[in-house]
Amino acid sequence: FTDSDDEDADLATRLENIDLNNAEAVWSLLTDAERAEFESLVSSGDVAKILPVWTPWWCTKPASLIEEVNQPESSATQSTPEYPTLVPNIPVFYLICTVKPSPCIEFNMVNTIAAYTFTSRHYNGEPEHSAKESGSCLMQLSDNLNHNTNFSEADLAVQAVVLNAVNVRPTYHTFFF
């Protein structure tokens, strides 16, 4: 063990029976040096160094359907991405809507999905843990949701989200690119 390994093991032992979602309980078990280090990381913006970065399901490569027999197990075994569950029995659109949809709906969906994608990445894959804030973020970024703006091109729909990320919340754009 190195000193760093000893410190990590000590911290793990101290936090063993603590609810990690209880920030006050975790904070109370940290040493003064650990608190100072954490506060320094937060104030410098380097907190991402200690948090695992979320990889969205749409960025993961699905496991291969073909497996080589002579491959070592660690190489052959790949984790499958966790796709969101689909709502069962979704009716076909033309059965629930007799009015022909506007041609801009596909671009408006692009705007909403781009805002959702950004929001999911900004909240490191856990927007539900900050539902009010992530909902506000989504609304601020999507002109279609927030202002009922219609888009005529996919590029414009995405660019609107990027501009909102830079202009509405300047700290958002650092997570976008």
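Which residues are buried in helix 9? Keep that question in mind as you look at this model, which is a predicted one. The answer is Ala-157, Ala-160, Val-161, Val-162, Asn-164 and Ala-165.

The secondary structure comes to 10 helices and 0 strands. If you read along the sequence, you get the pattern α-α-α-α-α-α-α-α-α-α. The protein has 177 residues, and 20% of them count as buried.

Now back to helix 9. It has 14 residues and reaches 20 Å from its first C-alpha to its last, which is close to the 20 Å expected at 1.5 Å a residue. Its partner here is helix 6: the axes of the two helices come within 8 Å and cross at roughly 35°. That crossing is right-handed. On the helix 6 side, the contact is made by Phe-107, Val-110, Asn-111, Ala-114, Ala-115 and Phe-118. On the helix 9 side, you'll find Ala-154, Ala-157, Val-158, Ala-160, Val-161 and Ala-165. Sort these residues by class and you get 11 nonpolar, 1 polar and no charged residues.

Some of those names turn up again in the largest nonpolar core. This core has 8 residues: Ala-114, Ala-115, Phe-118, Tyr-123, Cys-137, Leu-141, Val-161 and Ala-165. The largest share, 3 residues, comes from helix 6. For a closer look, pick Ala-115. Leaving aside its neighbours within four places in sequence, Ala-115 is in contact with Leu-138, Leu-141, Ser-142 and Val-161.

What about Ser-134, is it buried or exposed? This residue is found in helix 7. Ser-134 counts as buried because its relative accessibility is 7%, and the cut-off for buried is under 20%. Setting aside neighbours within four places in sequence, Ser-134 is in contact with Thr-119, Tyr-123 and Pro-127.

Next, follow the chain into the loop between helix 6 and helix 7, where Asn-124 is found. Phi of Asn-124 is near 50°, a positive value in a residue other than glycine. Asn-124 counts as partly exposed, at 29% relative accessibility. Gly-125 lies in the loop between helix 6 and helix 7 too, and at 22% relative accessibility it also counts as partly exposed. Where does Gly-125 sit relative to Pro-56? These two are 69 residues apart in sequence, yet 7.0 Å apart in space, C-alpha to C-alpha. Apart from neighbours within four places in sequence, Gly-125 is in contact with Trp-54 and Ser-120.

One last stop is Asn-89, in the loop between helix 4 (73–76) and helix 5 (93–96). Phi of Asn-89 is near 60°, again a positive value in a residue other than glycine. With a relative accessible area of 77%, Asn-89 is exposed, since exposed means over 50%.

How values were computed:
Residues numbered from 1 in each chain as written. Predicted model: local features only at pLDDT ≥ 70, side-chain atom pairs only at ≥ 80, totals over all residues. Heavy atoms only, no water. Core = buried A, V, L, I, M, F, W, Y, C linked by side-chain atoms within 4.5 Å. Buried < 20%, exposed > 50% of the residue type's maximum accessible area, 1.4 Å probe, protein only. Helix = DSSP H or I, 4+ residues; strand = E, 2+ residues; numbered from the N terminus. Contact = heavy atoms within 4.5 Å. Expected span 1.5 Å × (residues − 1). Axes fitted to C-alpha atoms, helices over the stretch in contact; angles between N-to-C directions. Left-handed = near helix turned anticlockwise from the far one by under 90°. Nonpolar A, V, L, I, M, F, W, Y, C, P; charged D, E, K, R; others polar.
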